[in-house]
Amino acid sequence: MALKRALIFLGPPGAGKGTQAKRVAQRYGVLHLSTGDMLRDAVARGTKIGQLAKPIMERGELVPDDIVLAMVEERLSRPDCADGFVFDGFPRTLPQAQRLDEILERRGWGKPLVIDFEVPAEVLIRRLSGRWMCSVGGEIYNVLDHPPKKIGFCDVDGGKLYQRPDDQPAVVKDRLVAYERQTRPLAEYYRKRGVLNVVDASARMEEVDRALAAILSRAEG
Ligand SMILES: [Zn+2]
C-alpha cells in the first residue's frame, strides 16, 4: 500500500522518531528523507548545492535555509518520491516549515501530515542520560532497560563504558531546552493548519506503533 503523502515527524532527541520514520518508510513504501543525509550526498557527488554547502559544513556551521530548501525541492522532484516521503528531523524552525509548505503546495502534495512524538522531559532525560557506550566496539547500553552485566564494562568485549558528552545530564537538558525553544512553535503552527497529530512516544513500542498506524490508516482513506 502506498501512502502518497508528505509526512513530517517532529519530536525531541530521544523520542525515537528516527526509528519510527524508517519503519514507516518500509511499511508504507514512502521514502525516508533526512536533510543531513541529503547534504552529505550532495557534497559527495559534487553537485552545485554540494559545492555551496561543503565549505560551510567544513567550518561546522549550519547550512543556510536557502541552500537546504533548494536541495529539498530538487530532491522531491525525483521519481522515487512519487509515492510519498517522510521527513525526519526537518523542518526545525518556523521559517523552514513555512517554506517547506510552499514547496509541497507548489509540487502538488497539499498539506503535510505531521506527527509529533511527545515524551515528557523527565523521561527523555532518563533515557538519554542513562546511555553508555563501549570504548572498544561501540556497543550501546542503557542503565534503565539494557544494563551491562558488570557495571562500567562491555558484555561483548570487556571494553570500558563511557558516556558521550551529548548524553551527560546537563547537556541533555540544554539540548531539550534548545529543542523546546526552536521547534515547539512548529507544533503550534501545524496545529493551526489542522495537520498535527500527537503520539505519546513514552508509551511502549507496540502502543506507539498502534497509535501511528491508526493515524496513517485515516490518512490513507
Ligand atoms: Zn564492547
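**Figure 1. Helices and a strand that contribute to the largest pocket.** In this predicted model, the lining of the largest pocket receives at least two residues from each of strand 1 (6–10), helix 1 (17–28), helix 2 (35–45), helix 4 (65–76) and helix 7 (169–192). Helix 7 provides the largest share of this lining, namely 5 residues.

**Figure 2. Centre of the largest pocket.** The largest pocket holds about 1000 Å³ of space. Its lining comprises 36 residues, and those closest to the pocket centre are Thr 35, Asp 88, Gly 89, Phe 90 and Arg 92.

**Figure 3. Residue classes in the lining of the largest pocket.** Sorted by class, the residues that line the largest pocket are 14 nonpolar, 13 polar and 9 charged.

**Figure 4. Centre of the second largest pocket.** The volume of the second largest pocket is about 350 Å³. A total of 14 residues line this pocket, and Gly 14, Arg 127, Leu 128, Arg 131 and Asn 142 are the ones nearest its centre.

**Figure 5. Elements and residue classes around the second largest pocket.** Helix 6 (121–129) and strand 6 (140–142) each contribute at least two residues to the lining of the second largest pocket. Strand 6 gives the most, with 3 residues.

Definitions and conventions
Residues are numbered from 1 along each chain as its sequence is written. This is a predicted model: local features need pLDDT of at least 70, side-chain atom pairs count only at pLDDT 80 or more; totals for chains, interfaces and linings use all residues. Side-chain values use heavy atoms; hydrogens and water are left out. On a 1 Å grid over the protein atoms alone, a cavity is a set of points where a 1.4 Å probe fits but cannot get out, and a pocket is an open set with protein on both sides within 12 Å along at least five of seven lines; lining residues have an atom within 4 Å of a point. Grid points are joined across faces, edges and corners, and a volume is the space filled by probe spheres set on the points. Helices (H or I, at least four residues) and strands (E, at least two) are DSSP runs, numbered from the N terminus. Ala, Val, Leu, Ile, Met, Phe, Trp, Tyr, Cys and Pro count as nonpolar, Asp, Glu, Lys and Arg as charged, and the others, Gly among them, as polar.
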